[in-house]
Amino acid sequence: MPLDPLAKRLLTMMAAAAPQSRSRPSVEARRQSLAKLMQFARAEAPDVTVSDGTLPGPGGELPFRLYSPASAGESAPGFVFFHGGGLVAGSVATHDRIAAALAHATGCRLVSVDYRLAPEHKYPAAVDDAIAATEWVAREAPSLGIDAERLVVGGDSAGATLAAIVCQEAAQSAGLSIVAQCLICPVLDFEETSPSREAFAEGHLIDRTTIEADLSDYLPEGLDAADPRISPLRATRLAGLPTAIIHTAEYDPMRDEGNAYARKLLAAGVAVEHVCHDGMVHNFHAMGAILPQAQLVLSQIGEQVRRAVER
C-alpha cells in the first residue's frame with residue numbers, strides 16, 4: 001500500500017530540515033539525532049514504577065532500568081530489552097517511554113540494558129554485554145521479582161540484532177530458559193544488501209549513509225560480516241529457538257531481512273508470529289506523537305507476549 005500519509009509528512013519535514021548534501025554523520029550527531037527522534041515517542045504506561053541499578057558486565061558495570069507494571073505479582077514474567085540506535089547511539093533514557101509501554105502492555109517486569117556502544121567499544125562488546133545481562137537477569141530473577149522460567153528477550157532495530165543473537169547463543173548452551181524473542185524492525189544482515197535496503201536507501205528515516213557509518217563504527221576491520229554473531233540471519237542452526245514475535249515495516253530498509261528471518265525460523269520449526277505493517281517506516285513504533293499505529297503495535301506486542309509466556 002502507499003506510504004502512510006502521516007509518515008510521509010514526517011519524512012517530508014525531516015528532509016526539509018536536513019542539509020542538502022548528505023555526508024557521513026559524526027558519532028555525536030548520530031546520537032543527538034536519535035535522541036531528538038525518540039522525543040516523538042508517546043505511549044501509555046500507567047502505573048509502571050521504575051528503578052535504576054547496575055549489573056556486572058564483561059567490561060565493567062552496566063546500568064539498567066527495571067520497569068514494574070502494577071499488574072505484576074511477586075513473580076512476573078521477565079523481559080530483557082535492548083534499545084536501538086545502530087549499536088552506536090541510544091540509551092536507557094532515549095527508550096524510556098517505549099520500555100515503560102512494553103512493560104505495561106506485556107505485564108512483564110522489564111529490564112532495559114545500557115550495553116556498551118561503538119565506536120568506543122567495537123564488536124563484540126555489545127554482544128558480550130547482551131549475553132551477560134540476560135544471564136544475570138535469569139540468575140538474579142527472584143530478587144528482581146521475575147520468574148526465570150518465563151523470560152522474554154527483545155529489542156528494536158539494532159537492539160533486536162542483540163536479542164536475536166542472545167537467543168541463538170542461548171539455544172546452544174544450557175541454563176537459560178527463554179520462552180520468546182521479540183524483534184521490532186530488526187537489523188539482521190550486515191553481509192548483503194537486500195532489495196528493501198536498495199529501494200528505501202534514501203528518504204525513509206534511516207538512510208544508506210547512516211547505516212554504513214554505523215557498521216563502520218561498530219565492526220573492526222577484517223571481520224566477516226556473515227558471522228551469525230554479527231548477522232543473525234546468516235545462522236544455520238535455528239531449530240529449537242524461542243517463539244519469535246517479529247514486527248517489520250513495509251517502507252523500512254531492513255524489511256526484507258526481518259521477513260526473511262521469520263521465514264527461516266518457520267522452516268526450522270520455530271513458532272513465529274510475524275506482522276509486516278503496511279505503509280509504515282523504520283522505528284514507527286516509537287513515534288506515537290505522530291503515528292497512531294505506534295500505540296496499536298505496542299498493544300499487539302503486549303498480547304503476543306502475554307500468550308507466549310503463558311504457553
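Okay, charges first: the chain carries 26 positive and 38 negative side chains, and the centres of the two sets lie 3 Å apart. Lys and Arg count as positive, Asp and Glu as negative, while His and the chain ends are left out; each charge is placed at NZ of Lys, CZ of Arg, CG of Asp or CD of Glu.

Keep in mind that this is a predicted model, where local features need pLDDT of at least 70, side-chain atom pairs count only at pLDDT 80 or more, and totals for chains, interfaces and linings use all residues. Residues are numbered from 1 along each chain as its sequence is written, and side-chain values use heavy atoms, without hydrogens or water.

Now, how much of the chain is buried? That's 59% of the 311 residues, where buried means under 20% relative accessible area, exposed over 50%, and partly exposed in between, with a 1.4 Å probe and protein chains only. As for contacts (heavy atoms within 4.5 Å), of those with a separation of 6 or more, 80% join residues 24 or more positions apart.

On to cysteines. A disulfide is a covalent bond between the sulfur atoms of two cysteines. Here we call it when two cysteine sulfur atoms are within 2.5 Å, and the count comes to zero. Cysteine 276 is in no disulfide either, with the nearest cysteine sulfur, in cysteine 185, 9.1 Å away. Cysteine 182 is buried at 0% relative accessible area, whereas cysteine 276 is partly exposed at 29%.
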